[in-house]
Amino acid sequence: MNTGPLIIGREVRFHHGDSFSLHLPELTVQAGERLALIGPSGSGKSTLIDLIAGIHLPATGSLEVLGVDWATLPENRRREIRRRRIGMAFQEFELLDYLSARENILLSRYIGASNESPLTLAQRTEDLARAAGIHQILSRAPARLSQGERQRVALCRALLTRPPLILCDEPTGNLDPQSAAAVLTLLLDQAKRDGAAVIMATHDHGLLARFDRVLDLTRRSPAAE
Amino acid sequence: MNAAAMTGSLVLALRHLRHHRTRSLLIVACVAAACAIPLLIRVLTADFQKALITRARATPQLIGSKGNRFDLTMALLYFRQVELPTLSFADFRQLATNGGGVFIPLNLRFTARHRALVATTPDYFELRGLRPAAGTLPLLLGDAVLGARLARQLKLGVGDSIFSDQRELFDISKPQSLKLHITGVLAPSGGPDDDAVFTDLKSAWILEGLCHAHTAANQVPERLVLNRAPGRLTLSEELIDYNEVTPANISEYHLHTDEAHLPLTGLIFAPNSQKSGTLLRSRLNAGKLWQAVSPMEVVEDLLAYVFRLRSLFDAVSVVLGLLTAAMIGMITALSIRVRSRELETLRRIGVDRLTIAALFSWEIAILIGLGAAAAGLAVGLISLGAPDLVKLL
């Protein structure tokens, strides 16, 4: 079993045209750690999330996530690891409008992201929904949910398979402070229960106190709190 | 892609199609139409061909006055109501006297309850192999026997009656309709005989106004009598509703013309030998009055037109199929564009390309499958009623 850091990055550089570049001399994230990414728009928070998820590959340097160097893996293998071992949540929730809230949470089951039985996943869905306070609206379509409810559904989707790493790209960006606090509590509590590391990009400095560490990308270099 | 993802992509496809049910139903309807139209044309033309050929094969030759051979064939084979130049009973007598086979006269100039009223001789029933399932064939003047389907549709049976249709409703000089007594119902034959009313030739001539009975003064209904004096009877202007042959007046019926003026629509000729058939045919066709046709030859000519038309429909069907395929392709391409955000989300959470491809493939397969099933169902149901539809052609 791998007991070392969950993420090890060295001299990670990423360019997007001439206008954007990201340089991380060093990045280490331990299992169960809670890391917040802050910085103004365009500082590279979402790009770093994508690099850690293996959606993009660094131009130079190495980035090892969950024990594998993304650069050594083909696209389909990277997708498989992301599908099975990384939970993801987004600012715009990205729920599928043709599925109910319950089916959205169970999306992992439909895309072959879990080996657990349908019964187990269904029970896990109920448990997560109850913890998130959305168990009574599981049969509703996303269009009939409030913003806060949608984000809680999206978080439950990310948490369903108990992934060791959860990546969140400004999940509270569209929520009022009360809903944002509730969503963050859900995320961090469930992650702690499952022993998952959480990396969350955010603009909301009021939430930073609840993280173990904050990475400020304003200067595009790591800065420990 | 594992089995769970395969099944899961099916579930997602079904959910997506259900969510966009109007669009899905529209595509299914288009696919169904594209599949069903050529199939239906095949089924109907095959049944049409079979019905025509079966009837034509069972009918050796047709004889009528010079005119359109298609009209003559469709009238004598299928009892189609077309105006044909008549020949006379005297013509029939003349041909029959010359021999060479059996001549069956037909008068098809009237209808009963809007179905063909076929006035003929017992030889017709013999030729067609028609047997009564109930009752007897027409034995007396004014008797009728019904085809099986007609009897079922009109809920009529032995002992009931059926009226001929009045041809000239507002011309009181024309004969009234005739009340026909149903003496039998034929067993089903699977052909046009099932939809016809059969009677004897003399009954048709009553309808022509060439055969009638004189009512004795003491048998006139009292409601029509205005004044009755010795040797003199004054009747009201009230119309007599219909004619009826009864045991009391049957012996009174008599013809008011000679055989040369008793009209027939045509004759069916069953020659004793191929030679006698060929001889009569060439003799009649060389003359100026009559024509003899082989129903098979006429039907083959008719089918040639049908097949030419079917080829046209086949070409239209191919175009329709291509257009439907193009429409599905365009809708899928448009759907991929409209769903780009959803696809990006799926990519970001790690769904592999095969699962995404399977999702779209399932959707297309389900739509085509449902369309094909709907087409199959429609064609199946219509095939069951194909004989009735062919009858309409």
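**View 1. Chain B is split into two domains, domain 1 (3–51 + 303–392) and domain 2 (62–293).** These bounds come from an automatic or database domain assignment. The C-alpha centres of domain 1 of chain B and domain 2 of chain B are 52 Å apart. A word on what you are looking at: this is a predicted model, in which local features need pLDDT of at least 70 and side-chain atom pairs count only at pLDDT 80 or more, while totals for chains, interfaces and linings use all residues. Residues are numbered from 1 along each chain as its sequence is written, chains are lettered from A and ligands numbered from 1 in the order in which they are written, and side-chain values use heavy atoms, leaving out hydrogens and water.

**View 2. Helix 2 (residues 21–57) of chain B meets helix 11 (residues 353–384) of chain B.** Helices here are DSSP runs (H or I, at least four residues), as are strands (E, at least two), numbered from the N terminus. The two axes, lines fitted to C-alpha atoms over the stretch in contact, come within 7 Å and cross at roughly 40 degrees. Helix 2 of chain B and helix 11 of chain B are therefore oblique to each other; angles run from 0 to 180 degrees between N-to-C directions, and oblique covers what is left after roughly parallel (under 35 degrees), roughly antiparallel (over 145) and roughly perpendicular (65 to 115).

**View 3. The largest nonpolar core has 95 residues.** Such a core is a set of buried Ala, Val, Leu, Ile, Met, Phe, Trp, Tyr and Cys residues joined through side-chain atoms within 4.5 Å, where buried means under 20% relative accessible area, exposed over 50% and partly exposed in between (1.4 Å probe, protein chains only). Ile7(A), Leu165(A) and Ile199(A) have the most contacts inside this core, and its largest share, 7 residues, comes from helix 7 (residues 177–194) of chain A. Leaving aside neighbours within four places in sequence, Ile7(A) has contacts that include Leu27(A), Ile52(A) and Leu165(A).

**View 4. Leu95(A) sits in the loop between strand 6 (86–90) and helix 3 (101–105) of chain A.** Leu95(A) is buried, with a relative accessible area of 16%. Beyond neighbours within four places in sequence, the partners of Leu95(A) include Asn104(A), Pro142(A) and Val153(A).

**View 5. Thr125(A) belongs to helix 5 (residues 118–132) of chain A.** Thr125(A) counts as buried, at 1% relative accessibility.

Technical notes:
Contact = heavy atoms within 4.5 Å.
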